[in-house]
Amino acid sequence: MTPEPPSSLDDAVTRAVSCAAKLKLEAPSALFLLATGAERFADGLDQPRQVPLEDLEGVPGCWSGLDLFAARVNDSVIWCIEDAPAYTRTSSDPAWTRAFPVWWAAACGAEALIHSSAGTFLQGEASGLAYLTDHVNLSGSTPLDRK
């Protein structure tokens, strides 16, 4: 029987934190949320643990088919997840489902987010690096909406 989907962000995060504890996932220092290539990134890590997100209670369905890679890098634990497919942007799911891994990782202890995006390719640049401490969202919606 499939567990009932979470009704709110708080419920989903609480369930996923509990599930992570049951699986003995080490608390992350940072979350790497990658536009593409999480599996290739994980190949470069020493003994990464791979956990299907659909196996974790509380994780919204838009993250099905993707995996969490957890690994120790020096004295820190990192989690790496490939960003959810683009179709989630237009789904009827609440906006918070799109940013769920960020909330979940933070609740588990992550203090940093490294997010890659292919957005620079829209401007014809091959690569780039930006350091953000906040963001501006002109879309009219926000993944931080907890309704």
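How many salt bridges does the structure hold? The structure, a predicted model, holds two salt bridges, a salt bridge being a side-chain nitrogen of Lys or Arg within 4 Å of a carboxyl oxygen of Asp or Glu. Local features need pLDDT of at least 70 and side-chain atom pairs count only at pLDDT 80 or more, whereas totals for chains, interfaces and linings use all residues. Residues are numbered from 1 along each chain as its sequence is written, and side-chain values use heavy atoms, with hydrogens and water left out.

The secondary structure of the chain comprises three helices and five strands, taken as DSSP runs numbered from the N terminus (helices, H or I, at least four residues; strands, E, at least two). Along the sequence these elements follow the pattern α-β-α-β-β-β-α-β. Of the 147 residues, 34% count as buried, where buried means under 20% relative accessible area, exposed over 50% and partly exposed in between (1.4 Å probe, protein chains only). Contact is defined as heavy atoms within 4.5 Å. Among contacts between residues at least 6 apart in sequence, 70% join residues at least 24 apart.

One of the salt bridges is formed by D11 and R15, whose closest N and O atoms are 3.4 Å apart. Both residues lie in helix 1, four residues apart, or about one turn of the helix. D11 is partly exposed, with a relative accessible area of 27%, while R15 counts as buried at 18%. A salt bridge also joins the side chains of R72 and E26 (2.4 Å, N to O). Because R72 belongs to strand 3 and E26 to the loop between helix 1 and strand 1, this pair ties together parts that are 46 residues apart in sequence. R72 is partly exposed at 42% relative accessibility, and E26 is partly exposed with a relative accessible area of 42%.

The largest nonpolar core has 28 residues, and those with the most contacts inside it are L53, W63, L68, W79, I81, F100 and W104. Such a core is a set of buried Ala, Val, Leu, Ile, Met, Phe, Trp, Tyr and Cys residues joined through side-chain atoms within 4.5 Å. Helix 1 (9-22), strand 1 (30-34), strand 3, strand 4 (76-82) and helix 3 (100-108) each supply at least two residues of this core; the largest share, six residues, comes from helix 1. Leaving aside neighbours within four places in sequence, L68 is in contact with L25, R49, Q50, V51, L53, W79, C80, I81 and W104. A second, separate core of ten residues includes A30, F32, L34 and A38.

Within helix 3, F100, P101, W104, A105 and C108 are buried. Seen down the helix axis, the buried residues of helix 3 fall within an arc of 120 degrees, so they line one face of the helix; the arc is that of the directions from the helix axis to the C-beta atoms. These buried residues pack against helix 1, strand 1, strand 3 and strand 4. Helix 3 is followed by G109, whose phi is positive, near 125 degrees.

D67 is found in strand 3 (residues 67-73). D67 is buried yet has no salt bridge, the nearest side chain of opposite charge, R49, being 11 Å away; Lys and Arg count as positive and Asp and Glu as negative, with His and the chain ends not counted. Beyond its neighbours within four places in sequence, D67 is in contact with Q50, V51, P52, L53, C80, I81 and E82.
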